[in-house]
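I opened this notebook to record, entry by entry, what I looked up in the structure and what I found there.

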Amino acid sequence: MEQLSQLLLAFIVFLSLYLLGSSSLTGCVKIVALQGMCLGLLPLTIHEQGFHPRALALAAGMFLLKGFVIPRVLLYAIREVKIRREVEPMIGYTPSLLLGAFLIGVSFVISERLPVPAGLRSSLLIPVSLATIMMGMLMMISRIKALTQVVGYLVFENGIYLFGLSISYEIPWLIEMGVLLDVFVAVFVMGIVINHIARAFDSISTEKLTSLSD
Amino acid sequence: MIYLFLVGVPFVAGLVALAVGSDERRPWILPVGCAIHSSIIVACWRNLPEPAVSGWFYIDALGLLVLSLSSALFLVCSVYCLEYLRLRQERTERLFTACLCFILGAVSLVCVSRHMGLLWVGMEAATLAAAPLVHFNHNEKSLEATWKYLMMGSLGIGLALLGTFFLALSALPYEGHGDPLVIDTLLTRAGTLSVPWLKGAFIFLLVGYGTKMGLAPLHSWKPDTYGEAPGVAGAILAGVVTSCAFLGLLRAFQICAAAGLSEFAQGLFVLMGLLSMATAAAFIIGQRDFKRMLAYSSVEHMGILALGVGLGPAGTFAALLHLINNGLTKGVLFLTAGNIHRAFGGKTMDHAHGALRRVPVSATLFLLGFVAITGSPPFAPFVSEFGVLRAAVNGDRFGVALGFVGLLAIIFIGMATTVLSVVYGVPNKDSKVVHGDSPLMIAAPLVFMAAVIFLGLWLPDWLTAVVGNAAKLLNRGAS
Amino acid sequence: MTRVSSYLLLVVFAPPLMLGIITKTKAAVAGRKGPPVLQPLYDTIKLLGKGAVYSTTTTWMFRLGPVISLSAALAAAALVPLGGAPLVAFNGDAILFAYLFALGRFVTVTAALDTGSSFEGMGASREVAFSSLAEPALILAFSSLAHRAGALSLAAMFAPHGGPSAAASTILALGSLFIVLLAENSRIPVDDPNTHLELTMIHEVMVLDHGGPDLAFILHGAGLKLVLMASLLVRLILPDKTFLGPLGTLAFGLAAAAVVIGLVESSMARLRLVRVPQLLVAAICASVFGLILALR
Amino acid sequence: MSLLLAAVLALGIAASLSAVLTRYGQAARTTVIGALTVAGAAGGLLALRVLWGQDVPDLVRPWLIPGAVFHLGIDPLSASFLLLVLLVGCCAGLYGEGYIAASHGHVPAAPARFFFLVLVASMALLVGARNALLFMVAWETMALAAFGLVSCEHGKPEVRKAGLLYLLCTHVGSLCLLALFALLGRNAGSLEFDAFAAVPALPAAQRTAVFLLALIGFGMKAGFVPLHIWLQEAHPAAPSHASAAMSGVMIEMGLYGLLRLLALLGPISMKASMLLIALGLTTAVFGIMFAMVQRDFKRLLAYSSIENIGIILTAAGLGCYGLASASPTLALLGFSGAILHTLNHGIFKSLLFLSAGVVYQAVGSRNIEACGGLQKRMPWTCALTAIGAAAICGLPPLNGFTGEWLIYSWLLRPDAGHGIRFAALAAAVLAIVGAFAVVAFSKCYGLACLGQPRSEAARGAKDPSWLMLGPMALLATLCIGIGIFPAPALHAAIAAAGNVSHLSRPAVSASFEEWSRLLGVVGLIGAGVWVMTALLWVYRGLLLRRREVGSGPTWGCGFTAPTARMQYTGSSYAVPTARVFTALLGTREEVHPPLGYWPAKASFESRTPDPALERWLPVLTARFNDWLSLPRQLQRGRLQNYLLYVSAFLVTILLWKL
């Protein structure tokens, strides 16, 4: 089981990196969906009491939500605003990848300083979650299209969820529901706003959204 | 039970607002809801309710302080809204009214919850509910502001969630004392918490709630949001939502202080406080847009709050006092700024001159509000700002004191230039009169101003007592 | 009683006499006979008996100016030891003395401005300009004398004592005061009292419009000012008790001072206006140097 | 003490009432006049009682502000300033009623009344405050009320500019005072003035900080060079009765603050006293030099206030020197000179501002060169102006001389010489200042009131109502009265100085005996001048009675068609004096001489900008703006950047603090 969770974690990091280097919007959404499915599997493997009924329920919910519902919403949005590609991100793909690698290093440095929580099977969980969070933030920072930023936000949220797994047994459902709520509502609201943006500006490029400045 | 009412009444009011069809009657839901909410709080003041739901809900002095402030601000602003919404007939206000109610509910949740997770949920709800307020004007600029607000807010809220997880992790290993994120549990077990995780928790909560609160360098959404939102939304955001975020930070600080990490946390508070003030100073100088100027002023005052907490018990007392004073004064400023904005159809110095001639009462109040917020006696913020200064000097933090005074001076210079140019002078001939002063829309800021002057001259015993108790809660570990 | 009578005597007769002696000296140097020594007195008496013509522009200030300036000079005279103890002496009277002259200047200047004449305006403007440099020289000289005497009273300051050790500072103060005297009383090389209609005049141009008793007051006041300053200088040089008695000593001294002034006026030309400040600054420097010596 | 409270309350209530009653002009006017009378009577009575030796117990009431106590006390120092506040406040207030009525709506009545009363009330409260917070509340109320007065006529751009500048300066000063009190409160453990006094001795670094903060905080209000920049802008902008109160009293509150601190904290070092003296002299010379070259008569008066503040500061510095050298006589002499001159300055400066207001209303301009010939048309106003002008030059037999005489007596004191070598030089500087004052005010009075009218408006000028002339006449009477009979004013000054120099009451009264004797002689000679003048005037009348008295045009030296434009102008009048100091003044001249042999167009323009405001400050602000433009690059509107700041900050803090 431990091997499996290590594998899954590595795969998640790999997916994040892949996302950083990907230029197709639909591709990005699909990758995030894949990452979401991996996350859905993870609760089952990460704890000693893996197949706990609540863990099962959580895994199922997560799998559905992150793997299907949200990607569907996003794909729908992409169809609505009729764009395919992320043009010229603010940081190019190769530098993004390098930065991603660097951030993985940073997250390992940070997690070095934190004692491994008891009851966790994989010591990789903390650094990987931190790395995912940072790469999500990197995507939000470096991409121009509003939709890609939402994808970045999803990755960021995936990282947080990953982190939450470390305590999914000890603390009640409230936190996990928090993640779901956050992702769901945030994406829902963001989707509405993106829709408005597309209608108002005929584009979802954030280059148009820089009129408020000093 | 009382907690249920506190949180539930506004939510129900919001739902009713969504359901009611009449544009005439809907706005009345706000003052009625707020009045009920406020009267519940008055009941709370009479006798503090007991903890409920195994310690998940309880209202201590700190929560009571923030909640009372929020409720009062809401009550007065809701009266303002009646007139405001009548003037803005062209916009549908269904969502606006409902979201205001939801914010009040969420805020109540933040204040009464003794559970860090629940608190987070409240903050999240308040953040998201505020987005439609920002977008109320439905133009390109407000859309841009909403987008930025939403992205920054979501990032912050995500980080705060992470911080909450860190907090939970710090409490491991965990052997059945109820929920680990209940604040009282954390406080009683403070000595056994894992220090690195706790530090991490504090950093993430600081960045997360700090983003909501608008501490520099996490403040960048503020000028855009406050600048584009209607004045009343600005007052709510600057007075209520930021105060709640501050409450979240204070909860984290409370736990850190109990665990003996107060120096670590105070250092960060002082750093961010001064950084916020410096940022505000840099951007207020030469600011031509008076609503953006107010936003930076809000950044500054959030900085003062953080700085005050960072300066130990006396500073904490002053900071909590400043929380009230800032909220009330910001109420005056944002509401009157909204009035002036409407009177001139623009919110920059190029559009608005000589407000005193066009909207005399609003302009006078705006001017007084400016004088108050910059810490002149005999207005309330003076008392608290002077308290922060004294805390710095008494604690031998002379460098901090010097920076504090110097930055206050620069900010004053910047604000004065803008405010005087707006208030004084002769209105442009070509800018048509859009709206003059109307009774309800000046009554609200007038009430705030009266409170600001009153508190500047006379701090009632009971208020001092509550603020003092709240400050004591925060420094229990230190003593 | 003798003090009052000698005060009255000097105040009434010394000014015209001294002016007469100066004129006489200048005439003598130039090889002329010159008017009688008492001519200024005759002029004054004649003027007092005349009527007056006032400009329609003027107001009471024009009429009051000469009166106040004369009464200020008379008050100043009460502070000066005129052949014996002064009428009034107290610690600090030196300052009052200096400021009473300032009062005279102020009213003279405003009376001149009252006419609205550009010439008189010009004179007034120059008068105040030069006095602003003469004033510090005067105060500095007073200061060094006060230090020497240990008191700030004219009677004590202007007394011939101190011996050779104080001589240098006294001489410097004396020189400085002499220049101030020349400047304040509109004598050559600062001003030429004999011409009235030059664009370069200072004091005389200010009184162009005055006539009759007013002019008499002005002339007498100006003469009195000269007498007072000269008598102070005389006291600094001559011993207090000579065979002539105090009043006689003073009279002799004043006459001698008048001759010296006459000689200076005869031997020098009026300075160009732009040079005048330099002369006054020289006086200030002399005073400062004297003060440093006195403080040493 | 309840008298002081009553005075403050009467003024405060009347202020709000007058604002409410704006519509009913007569009622508002009655309220204002009534309140001023009540306050003047009550406060004046209290002040006189205290000055003449009666002890009044402090009023201490709890005040629910952290650190604050409502603590009012009054000692001779407070009493002498209270007297000045109420005297000038009442005179200017009564005049103000006439001024507002005569302005026909140019001066907005409601703010002018409200802020004026608040200003007077806050100053009365200020001198009684014995708690730092109460002091600050009064101080800032005063500053804000003055701001309201300055901005009364905010329709004019220059008024707005002046108001802004004033507000900025005063707030920076207030912040320094806040820091000062925080620092003092730290050592005393309380914000009570008595507690400040009880602290034994501060460490050297803190003493320096206290000194500098007080110097900047109080100096900003008083207008020490180069902190004076707001003064010459704000005073002309305010309505004249307000300028009178601001210039005559408000700026003196800065000096009150300094003296109060000295009274609390004891002597400052020798070096610091020297600094004060040097600063005072610089301020005096600067002020009067720039006063001399002004064309705007209210600006001229404002600069002259800077000068007088400089003189007062010099005197206070001399007092400090006396304290530092442990010589109570010198200390007492210096401080009493300072306070006496403060009282005198308050009287004649407000008189001059009041008459400036009359002239401004009559002529419609503040330019000296638009006036002229007013004495014929408004004889009363100009006669009072003449008295004020002579008094401000420090000429005997008027009150201005008495204070200066005390200061000179210090400086030329033979026994002061061994310690303070430059005292005599300071005396020479004061002499220059005095001489320049004669230039400035003979110009101001002579060219504005005398000669021929230089504008149409000046031709039609008339004396104002008695409501305006009466207070001016009262002030002028005081100028003459104190000049002849200085003992009461000296008594007040010495009693107050005794507070500052920590002398026992017998020592103070002994000293008063000595100095009142000497100053009495000065007054006697002054009276002599008046008597002599009267006698000579009668004599002149007798002489002329039998003679022909003719009238004709001014003699034009042969030129037969003189016009009013040919008169000496204010600028040309000051040129000979100013030329000597061109390098210091930095006068800018623009000359276009006539070209060719025939009469042609020619022009000449000269301007003397304030160096601190127009040369040094712009350089500083430009620097500062350059420096600020860097962080402004951070807010360029890109959300991505904003997100980056959050992330970068997070990562940095994590790496640094975790």
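Entry 1, a helix in chain D. I went through α15(D) residue by residue and noted as buried D:Thr381, D:Cys382, D:Leu384, D:Thr385, D:Ala386, D:Ile387, D:Gly388, D:Ala389, D:Ala390, D:Ala391 and D:Ile392. I keep in mind that this is a predicted model. Buried residues account for 11 of the 14 in α15(D), so I describe the helix as largely enclosed by the rest of the structure. Following the chain past α15(D), I came to D:Gly394, which has a positive phi, near 75°.

The C-alpha trace of chain D spans about 100 × 70 × 60 Å along its principal axes. For 658 residues a compact globule would have a radius of gyration near 26 Å, and the 26 Å of chain D agrees with that. When I took the contacts in chain D between residues at least 6 apart in sequence, I found that 80% join residues at least 24 apart.

The division I worked with gives domain 1 (1-184 + 219-268) and domain 2 (327-538). Their C-alpha centres lie 23 Å apart, and the contact between them takes 31 residues from domain 1 of chain D and 30 residues from domain 2 of chain D. Which elements each supply at least two residues of the side of domain 1 of chain D that touches domain 2 of chain D? I found α3 (76-102) and α10 (240-265) of chain D, and the largest share, 14 residues, comes from α3(D). By class, I sorted the residues on this side of domain 1 into 20 nonpolar, eight polar and three charged.

I took a closer look at D:Leu119, which, leaving aside its neighbours within four places in sequence, is in contact with D:Met142, D:Ala145, D:Ala146, D:Leu149, D:Ala245 and D:Met250.

I found 11 helices and one strand in chain C, which run along the sequence in the pattern α-α-β-α-α-α-α-α-α-α-α-α. The radius of gyration of chain C is 18 Å, close to the 19 Å that the globule rule gives for 296 residues, so I record chain C as being as compact as a globular protein of that length. Its C-alpha trace spans about 55 × 40 × 40 Å along the principal axes, and 62% of its 296 residues are buried.

I found no contact between chain A and chain C, whose closest C-alpha atoms lie 55 Å apart, and chain B and chain C do not touch either, with their nearest C-alpha atoms 40 Å apart. Between chain A and chain B, by contrast, 36 residues of chain A are in contact with 36 residues of chain B. On the side of chain A, the elements that give two or more residues are α6 (146-165) and α7 (173-201), with the largest share, 13 residues, coming from α7(A). This side of chain A has 25 nonpolar, six polar and five charged residues.

Is B:Phe202 buried or exposed? I placed B:Phe202 in helix α8 (residues 195-213) of chain B, and, because a residue counts as buried with 20 or more other C-beta atoms within 10 Å, its 27 make B:Phe202 buried. Leaving aside neighbours within four places in sequence, B:Phe202 is in contact with B:Ala252, B:Cys256 and B:Ala265.

Key. Residues are numbered from 1 along each chain as its sequence is written. Chains are lettered from A and ligands numbered from 1 in the order in which they are written. This is a predicted model: local features need pLDDT of at least 70, side-chain atom pairs count only at pLDDT 80 or more; totals for chains, interfaces and linings use all residues. Two residues are in contact if their C-beta atoms, placed from the backbone, lie within 7 Å. Helices (H or I, at least four residues) and strands (E, at least two) are DSSP runs, numbered from the N terminus. Ala, Val, Leu, Ile, Met, Phe, Trp, Tyr, Cys and Pro count as nonpolar, Asp, Glu, Lys and Arg as charged, and the others, Gly among them, as polar. The radius of gyration is taken over C-alpha atoms; the globule rule is 2.2 Å times the number of residues to the power 0.38. A residue is buried if 20 or more other C-beta atoms lie within 10 Å of its own, exposed if 12 or fewer, and partly exposed in between; C-beta atoms are placed from the backbone. Domain bounds come from an automatic or database domain assignment.
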